[in-house]
Amino acid sequence: VYVTVTRPDGREARWKLIPHDKALHVPPRRWVEIHELRVTDVLHVLASRPYEEDDYVRTREDFLRMRP
């Protein structure tokens, strides 16, 4: 599994999460893309609050327009 994380300033970093016992902490206000996720892979997401539809940005383009 590969994870690409984009910061609010548009800079990107990419991680390879292998072996499968690895974890990645992603701070708030980051755009995350997950690549090459196989049907046998498990992805856990922990959040500090319950899901709220209005909190989510649906496209990378919208995220990049939100730059401070």
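Read along the sequence, the protein chain follows the pattern β-β-β-α, and the chain has 1 helix and 3 strands, where helices (H or I, at least four residues) and strands (E, at least two) are DSSP runs numbered from the N terminus. Please keep in mind that this is a predicted model, in which local features need pLDDT of at least 70 and side-chain atom pairs count only at pLDDT 80 or more, while totals for chains, interfaces and linings use all residues. Residues are numbered from 1 along each chain as its sequence is written, and side-chain values use heavy atoms, with hydrogens and water left out.

Let me turn to the overall form. The C-alpha trace of the protein chain spans about 35 × 30 × 20 Å along its principal axes. If we take contact to mean heavy atoms within 4.5 Å, then residues 24 or more positions apart account for 52% of the contacts in the protein chain with a separation of 6 or more.

Now to burial, where buried means under 20% relative accessible area, exposed over 50%, and partly exposed in between, with a 1.4 Å probe and protein chains only. Of the 68 residues of the protein chain, 15% count as buried.

So where does V45 sit, and is this residue buried or exposed? V45 is found in the loop between β3 (31-35) and α1 (60-65), and V45 counts as exposed because its relative accessibility is 68%.
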